[in-house]
Each structure stands twice: as structure tokens, then as C-alpha cells.
Amino acid sequence: MNDMTKDQAVPADAENLLHDDDNIDNMYLTFAIGEETYGVPIAVVTEIVGMQRIMTVPDVPRYIKGVINLRGKVIPLMDVRLRFSLEERAYDDRTVIIVLELGGSPVGLIVDRVSEVLEIAEDHIDSARSMGGGESQGLVEGLGRVGENVAIILNSGMLVSDAELSMPEAVSA
């Protein structure tokens, strides 16, 4: 029996993105927020799931949309658009949740759409410091050049650090 509704279905182009594990150190799952392409290391991605009912949680930052119960695991959800202080938009059939495993805790990122898994060699990633980031650790780890395109490589630990502090279920014991 299939309990998934149309809203929970994973878009067809997202289903097979996590199956290529040739050189995992240089692999990034890319996704779109608006017109920009972002990437996170494939090593921290556990799955991509379609949107589902979100249970709201009081007294959390605006970008934390709440939690989902995914096969018995409570997973806090961060809307990446809101995390980047971008305009909120309605979720559609391309909106997905990228589940990351960080420090033993799952966290879901709500993104506009997934793109593809890319292999980006280290020498094709420019440091974020070249953008004036200085010594401080920021959200942007680097800029990955793939042909004529650029993917903004995110520091996934910094991206969700506030979420982990705000959601007790996400903090490892």
C-alpha cells in the first residue's frame, strides 16, 4: 500500500541523483534557489524527498519551517531561501527536501529544485576568501567552476548550525 500523496512524490529527475559514488570527495549535489546554483558535499546527503506535511514548531528562527516525521525520525526543516534572506515563495511540485546527516543528526533543506550531482575537482573550486570573506568561516565555502557555470559550494555545517541549536531533536547526545 502506498501512503504517499502526489505532494510527497520525489520529482522524477531527482530519484537517481544519489546513486553515483565514483569519487565521493569531489562530488556535490547541486540545487537551485531562484536563478542561482548551490552545492553541498554528496557525502553528507542521505536522501532527497518530496514535500510533505510540515509540523510547525514555536519559537524558532523564521527560516526553520518546522519538522517532518520521516519513517519515524523527526527531522527539522530549514527553508534555504529564508536562510539566505530571500523572498519566500510557495512550494510547488519541483520543491524538495534534501536530507543531510551532520554530526549524527538529520536536517532537511527545503530547496526550489535539485539539479544534478557534479564532480568538481579541488583545483576548480575558488576559495570564498577571494570574495572578501576574510578569515571568518561563512556560509560559502567556495565557488565551483564547471564549464561555463559556477556552483556556490556551501559550508553545510555553518548553514545548519543555528538550526541544530534551535531544534533539540537535532542535537546529538
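**A charge over a ring**

Arg-83 lies over the face of Tyr-63, 5.0 Å from the ring centre; a charge counts as over a ring if NZ of Lys or CZ of Arg is within 6 Å of the ring centre and within 35 degrees of the ring normal. This is a predicted model, in which local features need pLDDT of at least 70 and side-chain atom pairs count only at pLDDT 80 or more, while totals for chains, interfaces and linings use all residues. Residues are numbered from 1 along each chain as its sequence is written, and side-chain values use heavy atoms, with hydrogens and water left out.

**Aromatic rings**

- Searching the whole structure turns up two aromatic pairs (rings of Phe, Tyr and Trp, with its six-membered ring, pair if their centres lie within 6.5 Å; planes under 30 degrees apart count as stacked, over 60 as edge-to-face and the rest as tilted).
- Phe-31 and Tyr-38 are stacked, because their ring centres are 6.0 Å apart and their planes are at 25°.
- Tyr-38 and Phe-84 have ring centres 5.1 Å apart and planes at 40°, so this pair is tilted.
- Tyr-38 sits in strand E2 and Phe-84 in the loop between helix H1 and strand E6, 46 residues apart (helices are DSSP runs of H or I with at least four residues, strands are runs of E with at least two, and both are numbered from the N terminus).
- Phe-31, Tyr-38 and Phe-84 form one aromatic cluster.

**The sheet**

- Five strands form an open sheet with mixed pairing, in the order E3-E6-E7-E5-E4 (two strands pair if DSSP finds at least two bridges between them).
- The edge strands, E3 (45-50) and E4 (64-70), each pair on one side only.
- E4 pairs with E5 (residues 73-79) in the antiparallel sense, over six bridges.
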